[in-house]
Amino acid sequence: GPYSSAANRVTAALAIRPFTPDNPKVTGFQFDSAERTEGRKPDSETLFENQGNLDENGLQSQSFTIIDSPIWYGQLTVESSVQDDRGKSIASRAAVPCFGRDRYVGVLQDNWTLQEGQKAKVRIAVVDKDGKIVAGVPITVKTEHKKTWGARVKGAGDGYNTEYGHQWEPEQELTGVSAADPLELEFTPSQ
């Protein structure tokens, strides 16, 4: 055929997607899809890339293993391109959902701004990849507050600039066990 022994390239990439289970019990819950590194989530990650040639029948088979990725849920896209004898490429791609974990933890809090000394509630749900609630999973929730300070630093000439510093400081640690309905935990911010 026209693509016998043709140059071939295969690429597999994982792109982050929001995990939104179709379960009315967890409507409005926020589920993280990736691990944060230095305060940022990765957009995508190339998992596999290979260049080679097709066989005499114009076919090629590739396999790869998805290693532990900072993306917990996303879309896996595999793209294959083939070059003809003129150097022109033709490509095709396929995409499927990719689940990097067997359970996901969702958080629902009505107020994201909390006040010192006033009780606050947070609801936690553990679901599987199909969005079904998983009971019996130990849960630990750590609360923190952001401490901010400023310093006046001499700039160019006679001017002073304010430079701010930020640090997250721990407050409380709450524990519980997931159940058939979302778990509600109560705490009181100290600062």
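This is a predicted model: local features need pLDDT of at least 70, side-chain atom pairs count only at pLDDT 80 or more; totals for chains, interfaces and linings use all residues.
Residues are numbered from 1 along each chain as its sequence is written, and side-chain values use heavy atoms, with hydrogens and water left out.

**Sheet**

I took strands as DSSP runs of E with at least two residues, numbered from the N terminus. Two strands count as paired if DSSP finds at least two bridges between them. Strand 6 (residues 103–108) and strand 7 (residues 120–128) pair in the antiparallel sense, over six bridges. I then traced the open sheet of four strands, whose order is 2-6-7-10 with antiparallel pairing. Strand 2 (30–31) and strand 10 (183–187) are at the edges with a single partner strand each, so one side of each has no neighbour in the sheet.

**Largest pocket**

I used a 1 Å grid over the protein atoms alone; a pocket is an open set of points where a 1.4 Å probe fits, with protein on both sides within 12 Å along at least five of seven lines, and lining residues have an atom within 4 Å of a point. Grid points are joined across faces, edges and corners, and a volume is the space filled by probe spheres set on the points. The largest pocket holds about 940 Å³ of space. I listed 32 lining residues, of which Val107, Gln109, Trp112, Val122 and Lys142 are the closest to the centre. Strands 2, 6, 7, 8 (138–154) and 9 (160–177) each give two or more residues to this lining. Strand 8 gives the most, with seven residues. I sorted the lining by class into 16 nonpolar, eight polar and eight charged residues.

**Second largest pocket**

I read off about 260 Å³ for the second largest pocket. Its lining has 14 residues, and the closest to the centre are Asp110, Asn111, Lys119, Ala120 and Lys121. Strand 7 supplies the largest share of that lining, four residues. By class I noted four nonpolar, five polar and five charged residues.

**Thr11**

I found Thr11 in strand 1 (residues 7–16). Is Thr11 buried or exposed? Thr11 is buried, at a relative accessible area of 19%, where buried means under 20% with a 1.4 Å probe and protein chains only. Leaving aside neighbours within four places in sequence, I listed Thr46, Phe48, Glu49, Thr77, Val78 and Glu79 as in contact with Thr11 (heavy atoms within 4.5 Å).

Note on methods: Ala, Val, Leu, Ile, Met, Phe, Trp, Tyr, Cys and Pro count as nonpolar, Asp, Glu, Lys and Arg as charged, and the others, Gly among them, as polar. Buried means under 20% relative accessible area, exposed over 50%, partly exposed in between (1.4 Å probe, protein chains only).
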